[in-house]
Structures are given as structure tokens and as C-alpha cells.
Amino acid sequence: MLNINLTFVYWYLFLLNILTFALFGLEKRFQDGGASRIPEWFLLVLAVLGGSMGAFFAIYIFTYKKDRPKFKYGILVQFAICVRLGIF
């Protein structure tokens, strides 16, 4: 029973981090192309729900929102908390 629950949690975190990473990349592309944008609050909510690793890597790979403190430090702190708790 415990293995099923842990498997669900691992898949949840994996898919959420992939989704978060992809949405940060799309937002960067939308910014450069002038298309409609993804709201910042939505990106931050995805990070809070468990996608902080995907958001952390996306910020540095896409060099997107790297200068804004709520993204640069907020996501870094959240990622550190998740690592400390053993989630990642």
C-alpha cells in the first residue's frame, strides 16, 4: 500500500516539474514573440505545488525572470526547503 502512494507522489512531482519547466519555456517564447502571456502568479503557484525544481532549472536555462527577486530567491528558497524535507 505504501509503495502505491509513494509511486503516485513521485509521478505527481515528476509531471508537475516537467509541466512547470515547459510553461516557463513557453512564457519566455511568448515574451519574445509578443503573444499572450502566462500570468506570473500561475507560474509561482505551480512552483509552490511542487514544481520548484522545474522552475529553478527553467529560470537559469531560459534566463527568464532571473532578475526578479520573487522568482530568483523565492523559488530558490522553496527548492531548498523541498530538498531539506527530502521531497527531491
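Figure 1. At 46% relative accessibility, Phe 14 falls in the partly exposed class. The model shown here and in the other views is predicted. Trp 11, which has a relative accessible area of 51%, counts as exposed; the cut-off for that class is over 50%. Both Trp 11 and Phe 14 belong to helix H1 (residues 2-33), where they sit three residues apart, about one turn of the helix. Five aromatic pairs turn up in a search of the whole structure. In the pair of Trp 11 and Phe 14, the ring centres are 5.8 Å apart and the planes meet at 85°, so the pair is edge-to-face.

Figure 2. Helix H2 covers residues 40-61. Trp 41 is exposed, its relative accessible area being 58%, whereas Phe 42 is partly exposed at 32%. The ring centres of Trp 41 and Phe 42 lie 5.9 Å apart with their planes at 85°, so this pair is edge-to-face. Phe 56, Phe 57 and Tyr 60 make up one aromatic cluster. Of these, Phe 56 is listed among the buried residues of H2.

**Figure 3. The bend in helix H2.** If helix H2 were straight, its 22 residues would span 32 Å at 1.5 Å a residue. In the model, the end C-alpha atoms of H2 are only 18 Å apart. A bend of about 125° is found in H2 at Gly 51. Gly 51 is buried, and buried residues of H2 also include Gly 50, Ser 52, Gly 54 and Ala 55. Elsewhere in H2, the buried residues include Glu 40, Leu 43, Leu 46, Ala 47, Ala 58 and Ile 59. Just after H2, Thr 63 adopts a positive phi of about 45°.

**Figure 4. A nonpolar surface patch with residues from H1 and H2.** Leu 6, Phe 8, Val 9, Tyr 10, Tyr 12, Trp 41, Phe 42, Val 45 and Leu 49 make a nonpolar surface patch of about 910 Å². Each of the helices H1 and H2 supplies at least two residues of the patch. H1 provides the largest share, five residues. Tyr 12 is placed in helix H1 and, at 37% relative accessibility, is partly exposed.

**Figure 5. The salt bridge between Arg 37 and Glu 27.** Side chains of opposite charge can pair when their charged atoms come close. The count for this model comes to one salt bridge. Arg 37 forms a salt bridge with Glu 27, and their closest N and O atoms are 2.6 Å apart. The pair links distant parts of the chain, ten residues apart: Arg 37 is in the loop between H1 and H2, and Glu 27 is in helix H1. Which of the classes, buried or partly exposed, applies to Arg 37? At 44% relative accessibility, Arg 37 is partly exposed. Glu 27, in contrast, is buried, with a relative accessible area of 1%.

Note on methods. Residues numbered from 1 in each chain as written. Predicted model: local features only at pLDDT ≥ 70, side-chain atom pairs only at ≥ 80, totals over all residues. Heavy atoms only, no water. Helix = DSSP H or I, 4+ residues; strand = E, 2+ residues; numbered from the N terminus. Expected span 1.5 Å × (residues − 1). Bend = angle between axes of the 7 residues up to and from the residue. Buried < 20%, exposed > 50% of the residue type's maximum accessible area, 1.4 Å probe, protein only. Phe/Tyr/Trp six-rings, centres within 6.5 Å; stacked < 30°, edge-to-face > 60°. Patch = residues over 30% accessible without salt bridge, like charges linked within 9 Å, V, L, I, M, F, W, Y side chains within 5 Å. Areas by Shrake-Rupley, 256 points an atom, 1.4 Å probe, with all protein chains shown as cover. Salt bridge = Lys/Arg side-chain N within 4 Å of Asp/Glu carboxyl O.
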